[in-house]
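Student: I have not seen this structure before. Could we go through it in questions and answers?

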Amino acid sequence: MVASDSLPEVFRASDEDRDDVIRKLRDGSAEGRLSQETFLARVDRALRAKSAEELARLHDDLPAPPRRIPLRDRVAGWRLTFAAAVQSARPAPAMRELALPRGPRTAFTIGRSPDCDLPLGDPTVSWLHAELRRSGDDWVLADLGSLNGTRVNGWRADSGFTVRAGDCVRFGRAVFRLVGRW
């Protein structure tokens, strides 16, 4: 006679356990994580399983279900994608040429004011926007506290940026390519 301590304890699979496994298999098949043939074979095995351990092996190898993204997050993503598409569809601002000055003067003002040495009619340009100042043989472009900023080749020119012919300068949305001296 065999002692009861040496026999492994086998738990009979309940109908609830079977239903749970079949639901997991059905979800895996619906999400494409399990082929139709494998689904049918495993459902058959689930209905014939004698233990909870047999049932557990039927769905343990399924890949994890895809992460569900809440609708509000998907809508936010769509909105950002749409905004980026609209932004990229806008034509790039026309680039005009701006000649570096010659002569004895060493400082020039740039802005929307008619009193500036280089008046710009763009509404994104401040009244007194920037200053172009000679420093030896170089020219330095400095922002004068404008609202929309001054940039040289994409870099902010707050306290001053050395510029030369070929550089791209931006005052607000007004864009210029610097060319040789007047």
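Tutor: One term is needed before we start: a polar contact is a pair of N or O atoms within 3.5 Å, where one must be able to donate a hydrogen and the other to accept it. Keep in mind that this is a predicted model.

Student: With which side chain does the side chain of Thr150 make a polar contact at 3.2 Å?

Tutor: Thr150 sits in strand S6, residues 150-152. Its side chain makes a polar contact with the side chain of Asp143 at 2.5 Å. The contact at 3.2 Å is with the side chain of His129.

Student: Is Thr150 buried or exposed?

Tutor: Residues that Thr150 touches include Leu141, Trp155 and Phe171. The cut-off for buried is under 20% relative accessible area. Thr150 has a relative accessible area of 1%, so Thr150 is buried.

Student: Which class of accessibility does Ser135 fall in?

Tutor: Ser135 belongs to strand S4. Ser135 has 43% relative accessibility, so Ser135 is partly exposed.

Student: What is the order of the strands in the open sheet?

Tutor: The sheet has five strands and mixed pairing. Strands S3 (118-119) and S8 (161-163) each have a single partner strand, so they stand at the edges. Strand S2 (residues 107-111) pairs with strand S4 (residues 130-135) in the antiparallel sense. The order is S3-S2-S4-S5-S8.

Student: Which residue in S4 is the bridge partner of Thr109?

Tutor: S2 and S4 pair over four bridges. The partner of Thr109 in S4 is Glu131.

Student: How far from Asp167 is the nearest side chain of opposite charge?

Tutor: Asp167 lies in the loop between S8 and strand S9 (168-171). It is buried and has no salt bridge; a salt bridge would need a side-chain nitrogen of Lys or Arg within 4 Å of a carboxyl oxygen. The nearest side chain of opposite charge is that of Arg164, at 5.0 Å.

Student: Which side chain makes a polar contact with the side chain of Asp167?

Tutor: A polar atom of the Asp167 side chain lies 2.9 Å from the backbone nitrogen of Arg164. The side-chain partner, at 3.0 Å, is Asn153.

Student: Where in the protein chain is confidence highest?

Tutor: The chain averages a pLDDT of 85, and 90% of the residues score at least 70. Confidence is lowest in helix H4 (residues 71-89), at a mean of 80. With a value of 96, the highest is S2.

Conventions
Residues numbered from 1 in each chain as written. Heavy atoms only, no water. Pairing = 2+ DSSP bridges. Helix = DSSP H or I, 4+ residues; strand = E, 2+ residues; numbered from the N terminus. Buried < 20%, exposed > 50% of the residue type's maximum accessible area, 1.4 Å probe, protein only. Lys, Arg positive; Asp, Glu negative; His and termini not counted. pLDDT = per-residue confidence, 0-100. Contact = heavy atoms within 4.5 Å. Lists of a residue's contacts leave out its neighbours within four places in sequence.
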